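Welcome! Take a moment to look at the sequence and the model, and then we will walk through a few local features together.

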Amino acid sequence: MSDAATDPQKMGRDACLQRVRDMVRIRRFEERAAQLYGEGKIRGFLHLYVGEEAVAAGVVPQLKPDDNIVATYREHGHALLRGMSMNAIMAEMFGKQEGCSRGRGGSMHLFDRDRRFFGGNAIVGAGLPLAVGLALADKLLPRPGCVTACFFGEGAVAEGAFHESLNLAALWRVPVLFVCENNLYAMGTALSRSESQIDLTKKAASYGLPTGHINGMNVLAVQDAAQQAVAWVRENQAPFFLELHTYRFRAHSMYDAELYRDKAEVESWKQHGPILGLTNRLKAENLFDEDDFQRIDREAEAEVDAAVAFAEAGTLEPVQDLTRDVTTPPTNAAAQGATP
Ligand SMILES: Cc1ncc(C[n+]2csc(CCOP(=O)(O)OP(=O)(O)O)c2C)c(N)n1
Ligand SMILES: [Mg+2]
């Protein structure tokens with residue numbers, strides 16, 4: 001690790017505050033989303049990233065606008081930090097036409113072509129082949145020097161798509177940064193109950209990828225590792241695998257009795273939460289005080305208030321448009337090329 005990237009004094013107060021702001025924006029957005037879900041305003045699936053914010057906040061700002069991002073159904077934070085408007089994301093969650101996917105995707109399918117944010121994906125592991133395809137396209141077009149960052153949970157290593165994607169990425173030397181968000185559980189299954197090898201970097205190394213293993217609760221450590229990994233992928237135009245140890249503080253999705261973990265375990269991780277960890281460190285370094293936090297918090301709440309008002313005022317798609325973009329299968333005769 002380089003000192004400049006992990007030493008708050010060397011980073012400077014503004015850069016440190018930006019990381020706090022990034023994480024607080026995600027946290028406040030999601031807390032409000034949970035509340036709106038309870039009120040029936042947001043429906044469908046909703047997976048919160050609370051506790052894991054340091055991963056998106058450490059990695060996403062290291063990417064350039066021409067780089068691609070592929071994420072999972074737990075992607076609100078990545079989308080926000082990529083610069084997608086909170087209004088368009090909230091409207092999407094409300095199912096309104098002003099949403100980033102015209103209200104047809106919901107929480108799990110945030111998408112923004114202009115910002116090269118290629119989802120949001122409901123299927124575990126499905127983002128990996130997509131990322132390899134995007135990077136292959138960049139190599140062939142060519143779009144020199146571009147990187148595709150692919151975020152996925154540790155549950156994806158049980159999918160064949162994980163192994164095929166790492167293998168092909170290494171074989172074809174395509175520029176993908178694989179970012180494994182290892183929060184220890186895939187729904188209610190602890191990694192150690194489903195995998196004989198729980199050091200996931202070893203799986204990636206077996207396909208020939210260089211790897212890194214980072215504490216995903218420490219945003220400065222994530223930022224530093226991501227900076228180096230992105231630079232490596234960009235320069236070598238080849239894949240790299242980062243495993244980040246993190247923890248989700250809330251349920252898997254909105255319904256989850258959480259019988260698979262103790263409350264004490266959750267509480268002990270909260271003591272090392274990413275926002276608390278950074279703000280405590282900055283306070284100890286005299287770079288930050290409670291007034292700073294209150295100001296950042298108020299700004300985030302105001303942005304969320306405005307996004308909710310935007311979503312409330314949005315329009316639902318008219319019923320007669322529901323079949324638009326739905327492909328009708330050809331009739332038998334047409335499919336067989338029959339002529340009368
Ligand atoms: C192919 C596939 N199998 C099963 C599911 C059901 N499912 C949804 S989330 C999930 C757990 C995934 O865990 P992980 O990859 O660790 O991500 P996390 O939810 O912890 O962020 C499963 C099994 C799915 N969506 N897709
Ligand atoms: Mg997981």
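What you see is a predicted model. Pro142 sits in the loop between α7 (127-140) and β2 (148-153). The bond that leads from Leu141 into Pro142 is cis, and its omega is near -5°. Most peptide bonds are trans, and most residues other than glycine have a negative phi.

That brings us to two residues with a positive phi, Gln237 and Asp325. Here they are side by side:

| Residue | Phi | Loop |
|---|---|---|
| Asp325 | about 75° | between α14 (290-312) and α15 (332-335) |

How exposed is Asp325, judged by its C-beta neighbours? Asp325 has 8 of them inside 10 Å, so this residue counts as exposed, because the limit for that class is 12 or fewer. Gln237 has 17 other C-beta atoms within 10 Å and is therefore partly exposed, a class that lies between exposed and the buried class, which starts at 20.

Finally, turn to ligand 1. Which residues are the closest to ligand 1? They are Val124, Gly153, Gly155, Ala186 and Met187, and in total 14 residues surround the ligand. Sorted by class, the shell around ligand 1 holds 7 nonpolar residues, along with 4 polar and 3 charged ones.

Key. Residues are numbered from 1 along each chain as its sequence is written. Chains are lettered from A and ligands numbered from 1 in the order in which they are written. This is a predicted model: local features need pLDDT of at least 70, side-chain atom pairs count only at pLDDT 80 or more; totals for chains, interfaces and linings use all residues. A residue is near a molecule or strand if its C-beta atom, placed from the backbone, lies within 6 Å of it. Ala, Val, Leu, Ile, Met, Phe, Trp, Tyr, Cys and Pro count as nonpolar, Asp, Glu, Lys and Arg as charged, and the others, Gly among them, as polar. Helices (H or I, at least four residues) and strands (E, at least two) are DSSP runs, numbered from the N terminus.
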